[in-house]
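Let's walk through this structure together, one part at a time. Keep the sequence and the 3D view open as you read.

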Amino acid sequence: MSTEQQTATPMVEVRNVHKRFGNLEVLKGINLTVDRGKIISIIGPSGSGKSTLLRSVNNLEVIDDGVILLDGVQVNRPDMKGMAFERHINHIRQNMGMVFQHFNLFPHMSTIDNVTLAPRKLKGMDKKAARELGMEQLERVGLAEKADVFPNWLSGGQKQRVAIARALAMKPKVMLFDEATSALDPELVEEVNQVMRSLADEHMTMLIVTHEMSFARDVSDWALFMDGGVVVEESAPDKLFSNPDQERTRNFLQKHLENNK
Amino acid sequence: MEFDFSAVITYFPTLLKGVGVAALVALAVALMSVLGGLVVAVISIYTNKVVSAPLRFFIWLFMTTPLLLQLYFLYFGLGEWILIPAVVVGILGLGFHYMAYNADIFITTIKSVSGGQYEASRSLGFGHWRTILYIIVPQAFIRSIPQLGNNMILMVKDTSVLSAIGVAELVYASQYAISVSFRPFEFFIVIAAMYYVINIVMELGQAWLERQTSYRH
Amino acid sequence: MDFDLMVEVTPLLIRAAWVTIDISSRAIFFGFFVACGLVFLQTLRFAPIRWFARGYVSIVRGTPYFVQLLLVFYGGPSIGLRLDPVTCGVVVGAFNIGAYMSEAIRGSIESVDNGQTEAARSLGFGRAQTMFYIVLPQAASLMIRSVGVLAIVLIKNSSLVSIISVVELTYQAQRLIGSTYKPLEIFTLSALMYIVIIYAVMGIIELAYRRATRYTTQ
């Protein structure tokens, strides 16, 4: 019964979110709910607003209208200003793991320091405990042996796995993936996908923006198709990918299939 | 502490004459250093080591030693042989100095143009020197403009150093006025302001020139 | 070439070269703090302070170092600023190179990839922490070379303090040329000393750069 009550608050909730860049409205009233332990994938052409949506959840983009909630706590706070908002958002972000297309590992720090910097400086963990935690996370992504190597020595796939470990080290409530495999050579995509699958097996809550249709279909509990700043269609992945209701979704998938031939 | 600019006003024509001298010197130096720099660069790239090695040595020497030291050397060195006016020594000294800096720029840009353009031109039937003169040098020149502009802006500021060897430019022209008026602060402030205005005008000119030529590469 | 003369004047020139090194290194050292101050002022929210810092940088870069030196040395006393020649050389050098350096520092901070800031912020780091742990360490290695170039320019410009009769390398060279009438010998020796100083500095810069960026190269 208690687990039922826990699932009552969604982990991430996006309500009627609008975002404008100048005159261009890139998000036109988006609604989205990510329940605890669920995996949601967002697909769509470039410029559809899917990355902007994901970045908005982390407040890397500041939305113009609407509400974003993380575990029932409002992320965007138009009522807060200056340092008060800084403190608020820094605290919120510690509970969200973000993985970027271009990894954004800190090149001047070893792999293990990349992973342990935030736990040490933000959670005040001592060096030894942080290293233990960091090694644990690196093992989780299969890169424990690279702990004392600098990021420039790693392949793209390895970099992205370290970036995932870095995010995991903060024990986030949700992981956000912003086209995590788009910048990778094709042969390196699978190793990152595998790490993401293992997270799925551990029931990590995830919100994934991706171009990998078959991966999205395999791993997600729910899938959204976005285009032109709106959610065109959403459903269970099997339906969305094989038998979508909307013409636009069908066209997109068709084009995608052709391009990948 | 009170300021009195009346002496500056009295001697303003003298200052303007100094500006005029500085402008003429700068113009002569600009011509000499840009054209000379281009010639030096072309020769040092496209001829044998016997010719190019000494040229490169002088480029290097002028770039690694202070301008003032070079000026003193030229002033006293030439003075041993012939009697020439300070202004000529000044133009030559500043000219050689910036010729080296400009040649250094041209060498880089000529090499960067040379790659594919040389073969393309030769394949059209242009000879070696024609290719260099008609195809490579014009393109390299246009590519060099932003950096040449920077150098010329630096050069104009460096004309002030020529007062050390007695060229009657702005700073030198003010010396008498300062010695009789005892108002060094006022005079140097005005001189600095004049340089600042000239500098801003030159920067605007450089930006304009870059816009005019940027479509070509 | 008169080698006897060259041997004779070498100690004099070496002593003068030390003055050049002393003035330059002090100017570079203090100039770094001036630069950091200017960069800091330009990050403040209060606009007039930002304008002041930008205006200062613009004026220093837009006027000759030589005129700045004369202004402070000869004009300083009329606003109550009396400096001995060496101090004046150091102070003007520091405030001059500081302006240029602040631009180099700002440029290197801005050239750190924005993704680095985003990654740090997404982990929950605040602005200052992101600057301190992530951006500045990377900017520091980027700025080594540009600051190094400025240091070399300053060493060459330090010759100008000879005009306010600081007995540094160029002053000594000029005096010796005047008294011996051997410009080539004296020029060769003093040029050589500048070259040695400048190459030493270039070596230090290169070492520092390699050390600072060893994480990017194999």
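In chain A, β7 and strand β8 (residues 205–209) run side by side in the parallel sense, joined over five bridges. You can pick out one of those links by finding A:F177, whose bridge partner in β8(A) is A:I208. Bear in mind as you look that this is a predicted model. Strands of a sheet pair through backbone hydrogen bonds, either parallel or antiparallel.

Now widen the view to the sheet around this pair. It is an open sheet of six strands, and in chain A their order is β6-β7-β8-β3-β9-β10, with mixed pairing. At the edges stand β6 and β10 (230–235) of chain A; each has a single partner strand, so one side of each lacks a neighbour in the sheet. Direction ignored, neighbouring strands of this sheet are turned against each other by 15 degrees on average.

Next, find helix α6 of chain A, which covers residues 156–168.

From here, follow chain A to its neighbour. In the contact between chains A and C, 21 residues of chain A meet 18 residues of chain C. On the side of chain A that touches chain C, α3 (82–93) and α4 of chain A each supply at least two residues. By class, that side of chain A divides into ten nonpolar, eight polar and three charged residues.

Chain C also touches chain B. Here the contact takes 32 residues from chain C and 28 residues from chain B. Which elements of chain C supply at least two residues each to the side that touches chain B? They include α2 (47–62), α3 (65–75), α7 (169–180) and α8 (183–212) of chain C. The largest share of this side, eight residues, comes from α8(C). Sorted by class, the side of chain C that touches chain B has 20 nonpolar, eleven polar and one charged residues.

That brings us to chain B itself. Chain B has eight helices and zero strands, and its C-alpha trace spans about 70 × 45 × 25 Å along the principal axes. Of its 217 residues, 42% count as buried. Among contacts in chain B between residues at least 6 apart in sequence, 77% join residues at least 24 apart.

From B:Y134 to B:A28 is 106 residues in sequence and 25 Å in space, C-alpha to C-alpha.

Methods:
Residues numbered from 1 in each chain as written. Chains lettered and ligands numbered in written order. Predicted model: local features only at pLDDT ≥ 70, side-chain atom pairs only at ≥ 80, totals over all residues. Helix = DSSP H or I, 4+ residues; strand = E, 2+ residues; numbered from the N terminus. Expected span 1.5 Å × (residues − 1). Contact = placed C-beta atoms within 7 Å. Nonpolar A, V, L, I, M, F, W, Y, C, P; charged D, E, K, R; others polar. Pairing = 2+ DSSP bridges. Axes fitted to C-alpha atoms, helices over the stretch in contact; angles between N-to-C directions. Buried ≥ 20, exposed ≤ 12 C-beta atoms within 10 Å, placed from the backbone.
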